[in-house]
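Reader: I have just opened this one and would like a guided look. Could you take me through it step by step?

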Amino acid sequence: MSGMTEITLGQAQRLTAPAPFALLSARRADGSDNLMAVSWWTYLSNHPPMLGVCLSKKGLSGSLIERSGVFTLSIVGEQLRDAALACGRCSGRDHDKAAEFGIPLEAASAIPASLVSGSRAAFECRLVSTAEAGDHVFYLAEILACRGDAEVKSLFAWDGYARLDTV
């Protein structure tokens, strides 16, 4: 006999934690980078290498990706736990998150958006297509370049986005 009961989507998201946490960077028209917290991302293909991210229609980053056609996705490490969590609690419309939270950025090799320095893995992506997904948009992207450091411990989103921690 199953002990399962009906639950909300929010409860299901907490039960399926941890989710791999990343900071997405998209370039503003003025040349600065907007960072956003994201754990709704996944690998899509090996040949060609592709990944996808799912972003709210309300956020700034989606419009920046659609304008520029590129973004980076950095799987940040535990040294950025507090700063990364803060990125998910404010809008890039009102904040320069990298500057405010002390998040170090470095130039990507294939696109203009920056990578987060010291990440476990970081991907430089070119937008291929989008798909409507209710109140979100799913961005399908080709991975143009990636770097990484196996010594860095990844962060994961726990309890929704209530906290970030390693496993």
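**A first look around**

Author: P48 sits in the loop between strand 4 (41-46) and strand 5, where strands (E, at least two residues) and helices (H or I, at least four) are DSSP runs numbered from the N terminus. This is a predicted model, in which local features need pLDDT of at least 70 and side-chain atom pairs count only at pLDDT 80 or more, while totals for chains, interfaces and linings use all residues. Residues are numbered from 1 along each chain as its sequence is written, and side-chain values use heavy atoms, with hydrogens and water left out.

Reader: Which form does the peptide bond from H47 to P48 take?

Author: The bond from H47 to P48 is cis, with omega near 0°.

Reader: And what does strand 5 pair with?

Author: Strand 5 pairs with strand 10 (residues 136-148) in the antiparallel sense over seven bridges, and two strands count as paired if DSSP finds at least two bridges between them. Within strand 10, E142 is the residue opposite M50.

Reader: How many bridges link strand 9 and strand 10?

Author: Strand 9 and strand 10 are joined by 12 bridges, again in the antiparallel sense, and one of the bridge pairs is E132 with V137 of strand 10. The two strands form a hairpin with two residues between them, and G134 in the turn has a positive phi of about 65°.

Reader: Changing topic, is S117 buried or exposed?

Author: S117 is buried, because its relative accessible area is 16% and buried means under 20%, with exposed over 50% and partly exposed in between (1.4 Å probe, protein chains only). S117 lies in the loop between strand 8 (114-116) and strand 9 (121-133).

Reader: What does S117 contact, leaving aside its neighbours within four places in sequence?

Author: S117 is then in contact with Q79, L80, P104, L105 and E106, contact meaning heavy atoms within 4.5 Å.

Reader: What about the open sheet of three strands, what order does it have?

Author: Its order is 1-11-12, with antiparallel pairing. Strand 1 (19-20) and strand 12 (163-165) stand at the edges with a single partner strand each, so one side of each has no neighbour in the sheet. Strand 11 (residues 156-158) pairs with strand 12 over three bridges, and W158 has R163 as its bridge partner in strand 12.
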